[in-house]
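Have the structure open while you read.

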Amino acid sequence: MHDSKELFQKARAVIPGGVNSPVRACQSVGMDPLFIAKGKGSHIFSEEGNRYIDYVLSWGPMLLGHAHPEVTDAVHRAVDNGSSFGAPCVQEIELAEAIVDAFPGMDMVRMVNSGTEATMSALRVARAHTGRNKILKFEGNYHGHVDALLASAGSGVATLSIPGTPGVPEHTVQDTIIVPYNDLEAARAVFEQQGDEIAAIILEPVAGNMGLVPPQSGFLQGLRELADSYGSVLIFDEVITGFRMDYGGAQTLFGVTPDLTCLGKIIGGGFPVGAYGGKKELMERIAPCGSVYQAGTLAGNPVAMAAGVATLRLLAKSNYTALAEQTRKLAEQMQQVLTDKGVPVSLNVLGSAFTLFFSSEAVTDFASAQKQDQDLFRAYYAQMLEQGIYIAPSGFECTFVSFAHEKADFEQTLEAVQAVKF
Ligand SMILES: *Cc1c(COP(=O)(O)O)cnc(C)c1O
């Protein structure tokens, strides 16, 4: 069968909502999802055989594009030798070394299977280290579906307008304090009141789950200072930004070093991998060095590690500055085309990610992100897709560009924007 609509029907009978992650269902744009059969470089192909220029990139991981030959070869070589042993393997040292070398804030790193596991475990370490329970997070920042972090999360929670999440007991979020993103004064006020009870500040150093929202000047530095003066742990959730904003992540780009860093997405080269790491004194609290328990049957398996190692090896040689320039150029041209049509668009762009918010206001936090016009977005989304441009089905997501995108892709994308009618 090669019909996405029929496949979606079949899927819905056995998988809740027909999907294994909610936003994929495309509910908020009122459409059925496409089933993707394959990808190559900057392109993906639906089961129907239609080709799309992919700006979702599996929600961030595929920074090299799809099926990069060197990554694919590394995976083939690894899988031929067996896919998991639950024992140490050489590939996990290689990936850990590459990560530790790239990230100023990481002396040691532990591999897990998803970004969710990374943030969940980092919080545990921070709480054990400080002997405190409270955590400070920011409105519209998404850190995976960790109970304590689902309060006021962006991404799918924002897209589906789910106010909180049933099934998360009140007591698991009662230690979660939320302040607006980019609001250093609000964070400072919280610390003045209860700073000596706060185990950790966790944030996306560049927010990517309410659309792209860069940190304002002094925000990251100010949080670093707050954490230092109150003895709290600063956690950067770089699951999106790690190896994307720069090879060494947002912490390299902005020159602010956290105590713990969470990674995911890109480091798995398209396989389920997460990681968390940081200062040695924090990481050595984890079992078997210390008493903080955290484990994983498939963590560090040779196939996923090989994909990660091959990916980082290629990224280390890639020109991030050129990709950032290319991305800015595309985003600004798209914004211009839309503005010329009389559509209000506010653009946030950094590195190889951007979001065109259908709003006349600058977007600096979750409240301003929510002011975007959803009807305009839906019209834009549907017509772009129809013309072969695959973007995330939500105004609260990033448009991602990969090293595989080429001039012809950008030209076709601009022509598509030109043709959109509002
Ligand atoms: C995607 C994401 C996560 C969750 O990662 P999963 O692998 O989906 O569990 C956590 N934090 C951020 C910033 C993310 O973008």
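This is a predicted model: local features need pLDDT of at least 70, side-chain atom pairs count only at pLDDT 80 or more; totals for chains, interfaces and linings use all residues.

The shell around the ligand splits into 3 nonpolar, 6 polar and 3 charged residues. Residues are numbered from 1 along each chain as its sequence is written, and side-chain values use heavy atoms, with hydrogens and water left out.

Who's in the shell? Ser114, Gly115, Thr116, Tyr142, His143, Gly144, Glu204, Asn209, Asp237, Val239, Ile240 and Lys265 surround the ligand, each with a heavy atom within 4 Å of it.

| Residue (polar side-chain atom) | Ligand atom | Distance |
|---|---|---|
| Thr116 | oxygen | 2.6 Å |
| Asp237 | nitrogen | 2.7 Å |
| Lys265 | oxygen | 2.6 Å |

On its own the ligand exposes 380 Å², and the protein buries 83% of that (Shrake-Rupley areas, 1.4 Å probe).

Now the helices, which are DSSP runs of H or I with at least four residues, while strands are E runs of at least two, both numbered from the N terminus. The axes of H7 (residues 184-194) and H8 (residues 219-230) come within 10 Å and cross at roughly 5°; axes are lines fitted to C-alpha atoms over the stretch in contact, with angles from 0 to 180 degrees between N-to-C directions. H7 and H8 are therefore roughly parallel to each other, a label for angles under 35 degrees. Leu184, Ala187, Arg188, Phe191 and Glu192 of H7 meet Phe219, Gly222, Leu223, Leu226 and Tyr230 of H8, with contact meaning heavy atoms within 4.5 Å. By class, that's 7 nonpolar, 1 polar and 2 charged residues.

Finally, the backbone. Most residues other than glycine have a negative phi, and most peptide bonds are trans. Leu57, not a glycine, has a positive phi of about 55° and sits in the loop between strand S3 (51-54) and helix H2 (69-79). Ala287 and Pro288 are joined by a cis peptide bond with omega about 10°; Pro288 is in the loop between helix H10 (280-283) and helix H11 (302-316).

Definitions and conventions: A polar contact is a pair of N or O atoms within 3.5 Å; within protein, one must be able to donate a hydrogen and the other to accept it, and residues adjacent in sequence count only if both atoms are side-chain atoms. Ala, Val, Leu, Ile, Met, Phe, Trp, Tyr, Cys and Pro count as nonpolar, Asp, Glu, Lys and Arg as charged, and the others, Gly among them, as polar. Angles under 35 degrees count as roughly parallel, over 145 as roughly antiparallel, 65 to 115 as roughly perpendicular and the rest as oblique.
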